[in-house]
Amino acid sequence: MSADLKKSSSNGPEKSLINEEQQAKISEIRRLIGPLPEKLAIYCSDAAIARYLRARNWNVKKATKMLKETLKWRAEYKPEEIRWEEVAHEAETGKIYRSNYIDKHGRTVLVMRPSCQNSKSTKGQIRYLVYCMENAILNLPEDQEQMVWLIDFNGFNLSHISLKVTRETAHVLQEHYPERLGVAILYNPPKFFEPFWTVAKPFLEPKTQNKVKFVYTDDPNTKKVMEDLFEMEKLESAFGGNDDSGFDINKYAERMREEDKRIPAFWTKSEAPPEPMPTSSVDLNSFDSDASDSGKVDGSTSHVSDSEGLISDKSVLVTKGSDNCNGSKELLYR
């Protein structure tokens, strides 16, 4: 665990205590990146730069390279401009959605059901995943940087895995949303998944390994994880809670349309440092990094500092339909 982190029990939020040396590194990265257009300047808050530094173990050179890649991606992909109507068809089965409850630490919760895939489009699936991540971040409290993933494996089997979507999902989450995961609950995963996790764990740092929790309904010891993290009255029954309302696409659509209205204000907040902003559009080439270091950004066998890459392999998978997915279709795509 990095020196700047003090972790609470039950995978509570990680409170960042930035010391003078680390603040100097944040300032150095800001200097290396230079002036930015308004939205990218807002994105590059001290907290955001610190996430990239933590993801690269406070190595300024590697963190700068990683952040520049994200800035280039955001300038091109424009995740903050995605709106509900563009991705609504991807959401119909409830394969990913932000819950209407938070955990006991105030963190937003993304529910993921990999057996509820309803699309063959890799582009569409990733676009919806990014929309969900941006929405979850939009709803984080001011003092919170991380979220919770609840991954429901009901109906999941090996035939549900799409390597193409898995790779792209892992890349987007690992490279462009570092240190956003507080804890991932793998709820009733199939037994074959645990050997996979045993193989994957050596590639993750200990703090990341601790963010992944296996929970089974028939195991009272691991079920306690849910009771420690959530108010059981608000938690949906699919995860052992007392709320039987379930996912309703019509109500969710109405919620998302209302929340879309908040996005423009979020990206015009006066939180960026007082630096001169260029009046012309951003030069994407200025984000290219020629840093020659051993920290690979795209696909690496080195240690990963957050578990987005690994767990995302299970979060958006192309699948056959499942009985627990409202309106899901019989699909298989490999």
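User: Which residue in E5 does Met112 stand opposite?

Analyst: This is a predicted model. Strand E4 covers residues 109-112, and E5 covers residues 147-152. E4 and E5 pair in the parallel sense over 4 bridges. Within that pairing, the residue opposite Met112 is Ile151.

User: Which residue in E5 stands opposite Val109?

Analyst: Val109 belongs to E4, where it lies on one side with Val111. E4 and E5 run parallel. The E5 residue facing Val109 is Val148.

User: Are the faces of E4 covered or open?

Analyst: Take the sides in turn. Val109 and Val111 are on one side, and these are buried. Leu110 and Met112 are on the other, and these are buried too. Both faces of E4 are therefore covered, since buried means under 20% relative accessible area.

User: Which residue of E4 is the bridge partner of Ile96?

Analyst: Strand E3 spans residues 96-98. E3 and E4 run antiparallel, joined by 3 bridges. For Ile96, the partner in E4 is Met112.

User: Which residue in E6 is the bridge partner of Ile151?

Analyst: Strand E6 takes in residues 181-187. E5 and E6 pair in the parallel sense over 6 bridges. In E6, Ile151 is partnered by Leu186.

User: How many of the residues of E5 are buried?

Analyst: Met147, Trp149 and Ile151 point one way from E5, and all are buried. Val148, Leu150 and Asp152 point the other way and are buried as well. E5 is mostly covered, and the buried count is 6 of 6.

User: How many residues of H3 are buried?

Analyst: H3 runs over 46-55. Its buried residues include Ala48, Ile49 and Ala50. Two arginines are on the buried list, Arg51 and Arg54. H3 is largely enclosed by the rest of the structure, so the buried count is 8 of the 10 residues.

User: Is Trp58 buried or exposed?

Analyst: Trp58 sits in the loop between H3 and H4. Its phi is positive, about 65 degrees, although Trp58 is not a glycine. Asn57, in that loop too, has a positive phi of about 50 degrees and is partly exposed at 48%. Trp58 has a relative accessible area of 9%, so it is buried.

User: What does the side chain of Thr93 reach?

Analyst: Thr93 lies in the loop between helix H5 (84-87) and E3. At 4% relative accessibility, Thr93 is buried. At 2.5 Å, its side chain reaches the backbone oxygen of Cys116.

User: What separates the C-alpha atoms of Ala41 and Leu71?

Analyst: Ala41 is in helix H2, residues 38-43. It is buried, with a relative accessible area of 5%. Ala41 and Leu71 are 30 residues apart along the chain, and their C-alpha atoms are separated by 9.6 Å.

User: What volume does the largest cavity have?

Analyst: The whole structure was searched for cavities of 30 Å³ or more, and 2 were found. By class, the lining of the largest one has 7 nonpolar, 1 polar and 3 charged residues. Its volume is about 110 Å³.

User: Which helix gives the largest share of that cavity's lining?

Analyst: The lining residues include Tyr131, Glu134, Asn135 and Leu138. H6 and helix H12 (263-266) each supply at least two lining residues. The largest share, 4 residues, comes from H6.

User: What separates the C-alpha atoms of Arg262 and Leu138?

Analyst: Arg262 lies in the loop between helix H11 (249-260) and H12. At 37% relative accessibility, it counts as partly exposed. Leu138 is one of the residues lining the largest cavity. Arg262 and Leu138 are 124 residues apart along the chain, and their C-alpha atoms are separated by 8.6 Å.

How values were computed. Residues numbered from 1 in each chain as written. Predicted model: local features only at pLDDT ≥ 70, side-chain atom pairs only at ≥ 80, totals over all residues. Heavy atoms only, no water. Buried < 20%, exposed > 50% of the residue type's maximum accessible area, 1.4 Å probe, protein only. Pairing = 2+ DSSP bridges. 1 Å grid on protein atoms, 1.4 Å probe; cavity = no way out; pocket = protein on both sides within 12 Å on 5 of 7 lines; lining within 4 Å. Points joined across faces, edges and corners; volume = space filled by probe spheres on them. Nonpolar A, V, L, I, M, F, W, Y, C, P; charged D, E, K, R; others polar. Polar contact = N/O pair within 3.5 Å; in protein donor to acceptor, adjacent residues only side chain to side chain.
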